[in-house]
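Good morning, colleagues. Please look at the structure as I speak.

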Amino acid sequence: MPYQHHNDYPAGVRERASRVRLACFDVDGTLTDGRLMFDSEGRETKAFHVHDGLGLVLLRKAGIEVAFITARESSIVQHRAAELGLTEVHTAVKDKLARVGEIAARLGIGMDEVSFMGDDLPDLRVMLQVGFAAAPSSAHPWVRERVHWRTAAAAGQGAVREFCDLLLAAQGRADALLDDVSRIEGARVEGTA
């Protein structure tokens, strides 16, 4: 059964998503719900949504490079990126636009082929320069009103996966991914005979 939701997205959004070769993500407030939690020893903790992780892995499998770009220094982010097999992990970044530009240039990717998903003012400068800017529904209003597309899901609750699914669908990858899942021996996919 073909992926049914591709046409749910506006044509301009689908067109922007179809060009993305480098997908960049802020972390706090995008991959997490934005809360900063510390234990009694002052160690920071973060919660990541498993759906977002799979979405990022699927992007890489489809040939889209994935980068984490965050202003905070965080070994937790390094660890999560390593779990997902990501190599473009940039923490303690003071100038996100310059860093994204460096990554894109190194990979031979134009800024019109870059997406950035973020949630607040430190992300806005880069978001205004990439081909496709997205934000979780929980992003600050000043950011939400300036992006090309917003998710229905809040940050840390599957928003990144929603964005990944859009990119995969716009690039014609969703049907093949769904077909791969349905071919697993012994698995029964609901709704199929």
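Predicted model: local features only at pLDDT ≥ 70, side-chain atom pairs only at ≥ 80, totals over all residues.

Let me begin with contacts across the chain. Of the contacts in the protein with a separation of 6 or more, 56% are between residues 24 or more positions apart.

As to secondary structure, the protein has 8 helices and 8 strands. It contains 193 residues, and buried residues make up 44% of them. The accessible surface comes to about 9900 Å², with 51% of that area belonging to carbon and sulfur atoms.

I turn now to a pair of helices. How do the axes of helix H1 and helix H7 cross? Helix H1 covers residues 11-18 and helix H7 covers residues 159-170; their axes come within 8 Å and cross at roughly 85°. H1 is therefore roughly perpendicular to H7, since angles of 65 to 115 degrees are counted in that class. On the H1 side, the contact is made by Val13, Arg14, Ala17 and Ser18, while H7 contributes Leu166, Leu167 and Ala170. Sorted by class, the contact of H1 with H7 has 5 nonpolar residues, 1 polar residue and 1 charged residue.

My next subject is Glu44. This residue is found in strand E3, which spans residues 44-45. Is Glu44 buried or exposed? Its relative accessible area is 17%, so Glu44 is buried, the cut-off for that term being under 20%. Which side chains make polar contacts with the side chain of Glu44? One is the side chain of Lys46, at 2.9 Å. Another is the side chain of Arg72, at 3.1 Å. If we leave aside neighbours within four places in sequence, Glu44 is in contact with Leu36, Met37 and Phe38, and also with Arg72, Glu73 and Ile76.

Finally, I draw your attention to a point in the backbone. Ala92 lies in the loop that runs between strand E5, residues 88-90, and helix H4, residues 96-107. Although Ala92 is not a glycine, it has a positive phi of about 55°. With a relative accessible area of 32%, Ala92 is partly exposed, whereas Glu44 is buried.

Thank you for your attention.

Definitions and conventions. Residues numbered from 1 in each chain as written. Heavy atoms only, no water. Axes fitted to C-alpha atoms, helices over the stretch in contact; angles between N-to-C directions. Helix = DSSP H or I, 4+ residues; strand = E, 2+ residues; numbered from the N terminus. Parallel < 35°, antiparallel > 145°, perpendicular 65-115°, else oblique. Contact = heavy atoms within 4.5 Å. Nonpolar A, V, L, I, M, F, W, Y, C, P; charged D, E, K, R; others polar. Buried < 20%, exposed > 50% of the residue type's maximum accessible area, 1.4 Å probe, protein only. Polar contact = N/O pair within 3.5 Å; in protein donor to acceptor, adjacent residues only side chain to side chain. Areas by Shrake-Rupley, 256 points an atom, 1.4 Å probe, with all protein chains shown as cover.
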